[in-house]
Amino acid sequence: MLEATVGRPYALYVHGGSDTTGAVRSVETIATGLKWKRLREPLSIVGEADAAVREACWELGATVAASLMLT
């Protein structure tokens, strides 16, 4: 069943209070094992989400949406 997901695109957003390194590493390890294709670098946010963070999230979502439309 998991073989059916090989090559699928993914993007990652992680928001942490003080650190996101472990969470990003864990997801990247799983995605590598599943042979998923990363669309862009993970969006890792520490602390409060301001307007710049919201814009970055919007861009991440737009990237994912655009990539899905191409498949």
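Where is the place of Thr5 relative to strand 1 (9-10)? Thr5 lies in the segment before strand 1. The views below are taken from a predicted model.

**View 1. The whole chain and its order of elements.** The protein contains 2 helices and 4 strands. Read from the N terminus, these elements follow the order β-β-α-β-β-α. The C-alpha trace spans about 40 × 30 × 15 Å along its principal axes. The protein has 71 residues, of which 23% count as buried. Among contacts with a separation of 6 or more, 70% come from residues 24 or more positions apart.

**View 2. Thr5 and its side-chain partner.** Thr5, in the segment before strand 1, has a relative accessibility of 13% and therefore counts as buried, since the cut-off is under 20%. The side chain of Thr5 makes a polar contact of 3.2 Å with the side chain of Trp36.

**View 3. The aromatic pair of Tyr10 and Trp36.** Searching the whole structure gives 1 aromatic pair. Its members are Tyr10 and Trp36, with 6.0 Å from centre to centre and 50° between the planes, a tilted arrangement. The pair links distant parts of the chain, 26 residues apart: Tyr10 belongs to strand 1, while Trp36 sits in the loop between helix 1 (21-34) and strand 3 (37-38). Tyr10 counts as buried because its relative accessibility is 11%. Trp36, with a relative accessible area of 33%, is partly exposed. Trp36 is also the residue whose side chain meets that of Thr5 in a polar contact.

**View 4. Helix 1 and its two faces.** Helix 1 has 14 residues, which at 1.5 Å a residue should span 20 Å; the C-alpha atoms at its ends are 20 Å apart, so the two values agree. The buried residues in helix 1 are Val24, Glu28, Ala31 and Leu34. These residues lie on the same side of helix 1, because they cover an arc of only 125° around the axis. Strand 1, strand 2 (13-16), strand 3 and strand 4 are included in what covers the buried residues of helix 1. On the face turned away from the buried side, helix 1 carries the exposed residues Arg25, Thr29, Ile30 and Gly33. After helix 1 comes Lys35, with a positive phi near 60°.

**View 5. Glu28 on the buried side of helix 1.** Glu28 has its place in helix 1. With a relative accessible area of 18%, Glu28 is buried, because the cut-off is under 20%. Apart from neighbours within four places in sequence, Glu28 contacts Tyr10, Arg38 and Pro42.

**View 6. The largest nonpolar core.** This core consists of 5 residues: Leu43, Ile45, Val53, Ala56 and Leu60. Strand 4 (43-46) and helix 2 (51-70) are the elements that each supply two or more of its residues. Helix 2 supplies the most, with 3 residues. In soluble globular proteins, nonpolar side chains tend to be buried together.

**View 7. The surroundings of Ile45.** Ile45 is one of the residues of the largest nonpolar core. Not counting residues up to four places away in sequence, Ile45 touches Tyr13, Val14, His15, Gly16, Thr20 and Val53.

Technical notes. Residues numbered from 1 in each chain as written. Predicted model: local features only at pLDDT ≥ 70, side-chain atom pairs only at ≥ 80, totals over all residues. Heavy atoms only, no water. Buried < 20%, exposed > 50% of the residue type's maximum accessible area, 1.4 Å probe, protein only. Polar contact = N/O pair within 3.5 Å; in protein donor to acceptor, adjacent residues only side chain to side chain. Core = buried A, V, L, I, M, F, W, Y, C linked by side-chain atoms within 4.5 Å. Contact = heavy atoms within 4.5 Å. Phe/Tyr/Trp six-rings, centres within 6.5 Å; stacked < 30°, edge-to-face > 60°. Expected span 1.5 Å × (residues − 1). Arc of directions from axis to C-beta.
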